[in-house]
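Dear colleague,

I am handing over the structure below, and after it you will find notes on what turned up in it. Please read them with the model open beside you.

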Amino acid sequence: MEILKGIPVSPGVYIGEAFLMENEDVRIPEIAIPVDKIPEEIKRFEDAAHAVDLEIEAIRQQTEDQLGSSLGAILSVQTQLLKDESLRKQIIDKIKNEKYSAEHAVSTTLKAIAKRLAGYGGEMFVQRGSDLHDLQKRLLKVLLGGRKEDLSTLTNPVAVIARDLGPSQTASFDRNVVKAFAIDIGGKTSHTAILARAFEMPAVVGLETISSDINGGETIIIDGNRGIVVIRPDERTLARYRKRQQELKTQEQALIQEKDLPAVTLDGREIRVMANIEFPEEIQGALDHGAGGIGLFRTEFMYLTNGIEPNEQTHFQAYQKCLLRLNGRPLVIRTQDLGADKILPTHTTHEQNPYLGLRSIRVSMKFPETFRVQVRAILRASALGKVKMMVPMITAVEELRWVKRIVEETKHDLKHEGQSFDEKIEIGIMVEVPSAALQAHVLAKECDFFSIGTNDLTQYTLAVDRGNELVANLYNGANPAVMMLIKMTVEAAIAAKISVSMCGEMAGDPIFTPALIGFGMTEFSISPPSIPGIKKVVRGLAYEECKTISIEVMRMTETDEVTNYLRDKIPKEALNGGDYNGN
Ligand code: PEP
Ligand code: MG
């Protein structure tokens, strides 16, 4: 049994099989071989080792001819490893004594040695570790031959284990099969983490070594509340987690019972709780969790899952589908927020700092014709229900003015064509960059609503990559600078009499609810599973007390001081089973 600690990003407990996404998605089944097959299995290993030896020798020879003997010698290390008697014995012993298949024996042995070497530290050991990894890949390729098993062929539930997962990869998982994931890298508010919460998949990121610690097919526990992963759990641990799984389910069911109770504070202030979605298909789930409407539709996922830009009709049909299901409830459509970690396969330009590069509204301004297609579809959909249009990553008022000009021109075209739309469609912006928060008083005069995107606002204010586990400890919305920008934004909106919501992950973290309400916020948009819990927290708060809390918070100078103070202000059961804190 091995226990790893990472960053909890999506609550819930998964217990079951691990699917290791490496070696071109090869899965190595952990199947015990019958005793009479042992000699055959040893021979399979010996033959594979021989084949790999020949393969490496051919590459070594070719490298030496082209690049000289010293570079060719690099590959000799792998040949030596392959010929090492003690290494071969360890693999063969696993087949003989543990009745492992050749694949499983190779994978577990080489991984264990690589891990031990990595533990010694130092460049040489790291290098030997990567030689072993490469050797493992070659041997498995020969052993498995054409028997490659990838995710699309699976029918039984698994947890995906990988070094990294991109948002488009995660979005295209078959959710009947992928029930959880655990990865080496990542942060709390990366889009992959956000998708995990939306899909209700327990997930832990930033585990650093999980992809090399586990073998495909092994049993794993993923505790998405506490950020703990247990590999090869013993019976006692399994029993404890089964109990925990049951407790969490009971808690969730109790909360769901109250989902339709309004979110009104003890002294009568009403808070609207809306849902964030990535696909129209999520709307039913959002309503089932008690959403008052959709406060953020991340439309860029329509581009990512198909790998191409949707045309006007595809956009329109998606919005129409949403509105039909919403039955009069509002739908806030965010214009595409591509770039950074959400990249179309057609975008091949390499950027040094993609989060500071061609992202979001900047992509729209660079390719205005594509933007116009989406604006046309949004306007046409506005004839069918309560549609608002929201623009991401505004950094300056010129960008907002550009958007409004495009909208006006599009309205003109549609009118000319006899198409109907809502003349008074509200246009709002996301405040997710410090410059927008600092200019909120200017921006508020030129748009109809604000939605504060704390995932990016925290990242850009603190200069901490939201998806980087190495600096995840520095990423915290409770930082007084972030709190200050939120407060300024809310105040600017109130002064200009426009509405202000929050759609970043902070809005779904109950520790922030009192302070945000105290600042004057009356609307949150959060991932559907968090809705019943946040509504319950709101029902337990008094607005007058929230105001005092928000004033206290603004006096504080350190992040931990803010966090500890806010933690004390909400009932413990609202923390959703423990340490989960998704800000
Ligand atoms: C945000 O930045 O807070 C936000 C809601 O947008 P996204 O997470 O899609 O970047
Ligand atoms: Mg954002």
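To begin with an aromatic residue, F297 has 0% relative accessibility and therefore counts as buried, where buried means under 20% relative accessible area, exposed over 50% and partly exposed in between, with a 1.4 Å probe and protein chains only. Y319 is likewise at 0% relative accessibility, so this residue also counts as buried.

Before going further, please note that this is a predicted model, in which local features need pLDDT of at least 70 and side-chain atom pairs count only at pLDDT 80 or more, while totals for chains, interfaces and linings use all residues. Residues are numbered from 1 along each chain as its sequence is written, chains are lettered from A and ligands numbered from 1 in the order in which they are written, and side-chain values use heavy atoms, with hydrogens and water left out.

A search of the whole structure finds three aromatic pairs; rings of Phe, Tyr and Trp (its six-membered ring) pair if their centres lie within 6.5 Å, and planes under 30 degrees apart count as stacked, over 60 as edge-to-face and the rest as tilted. One of them is the edge-to-face pair of F279 and F301, with 6.0 Å centre to centre and 65° between the planes. Because F279 lies in the loop between β9 (272–277) and α10 (283–288) and F301 in helix α11 (residues 300–306), this pair ties together parts that are 22 residues apart in sequence; helices (H or I, at least four residues) and strands (E, at least two) are DSSP runs, numbered from the N terminus. Both F279 and F301 are buried.

The rings of F297 and Y319 have their centres 6.0 Å apart and their planes at 90°, so this pair is edge-to-face. F297 belongs to strand β10 (residues 294–298) and Y319 to helix α12 (residues 312–326), so that distant parts of the chain, 22 residues apart, are linked.

Turning to the strands, β4 (residues 158–162) is mostly covered, with five of its five residues buried. On one side these are V158, V160 and A162, and on the other A159 and I161. Strand β3 (residues 13–20) runs parallel to β4 and is joined to β4 by three bridges, two strands being paired if DSSP finds at least two bridges between them, and A18 stands opposite A159 in β4. Five bridges join β4 to strand β5 (residues 178–183), again in parallel, and A162 stands opposite I183 in β5.

Best regards
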